[in-house]
Amino acid sequence: MNITNNEISNEFSNGNFKFTYPFMSDDIVWNVVGSNSIKGKPAMLAYCDKMLVVMANSTLINTSHIVSEDLIAVQGYCNYMNENDTPGRVEYCDVYRFNEGKLHEITSYCIEIKNELISN
């Protein structure tokens, strides 16, 4: 079974990073707008592995996709509990670029939602 670029993007945005590791290019870049950039596959895998621990009790829901052959956008939200056991939420849009069958670049836009606006 062939895995599509859309499936790879969806899995990454759902926090299933390990599923996507074999599909990443060696020179992958993850730009988190307003925060940092992770460059190269070794740095990417290390960062994702750390994020898996941080996100262990989070729920990620992808709500929409825009799909072309080598460019995919996934929008969604992440519900989590803060250190003081209050709910938190981040809404995101991840834009994926594929090159020669490999995931080459991700640009993530993340916005923290104020507690009074959070509803399930």
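Among contacts in the chain between residues at least 6 apart in sequence, what percentage join residues at least 24 apart? The share is 43%, where a contact means heavy atoms within 4.5 Å. The model is a predicted one, in which local features need pLDDT of at least 70 and side-chain atom pairs count only at pLDDT 80 or more, while totals for chains, interfaces and linings use all residues. Residues are numbered from 1 along each chain as its sequence is written, and side-chain values use heavy atoms, with hydrogens and water left out.

The chain contains 3 helices and 6 strands. These elements are DSSP runs numbered from the N terminus, helices being H or I of at least four residues and strands E of at least two. Read from the N terminus, their order is α-α-β-β-α-β-β-β-β.

The 6 strands build an open sheet of mixed pairing, in the order β2-β1-β6-β5-β4-β3. Two strands count as paired if DSSP finds at least two bridges between them. Because β2 (37-39) and β3 (59-67) stand at the edges with a single partner strand each, one side of each is left without a neighbour in the sheet. Neighbouring strands are turned by 15° against each other on average, direction ignored; axes are lines fitted to C-alpha atoms, for helices over the stretch in contact, and angles run from 0 to 180 degrees between N-to-C directions. Strand β1 (residues 24-32) pairs with β2 in the antiparallel sense over 3 bridges, and Trp-30 has Ile-38 in β2 as its bridge partner.

Helices pack on this sheet. Helix α1 (residues 5-13) touches β1, β3, β4 (71-81), β5 (87-99) and β6 (102-113), and its direction makes about 150° with that of β5. Helix α3 (residues 41-54) lies across β1, β2 and β6, running at about 55° to β1.

The interior can now be considered. Of the 120 residues, 38% count as buried, meaning under 20% relative accessible area with a 1.4 Å probe, protein chains only. A nonpolar core is a set of buried Ala, Val, Leu, Ile, Met, Phe, Trp, Tyr and Cys residues joined through side-chain atoms within 4.5 Å. The largest such core has 23 residues, of which Phe-12, Trp-30, Met-44, Tyr-96, Leu-103 and Ile-106 touch the most other members. At least two residues of this core come from each of α1, β1, α3, β4, β5 and β6. Leaving aside residues up to four places away in sequence, Ile-106 touches several residues, including Phe-12, Trp-30, Met-44 and Tyr-96.

Definitions and conventions. Buried means under 20% relative accessible area, exposed over 50%, partly exposed in between (1.4 Å probe, protein chains only).
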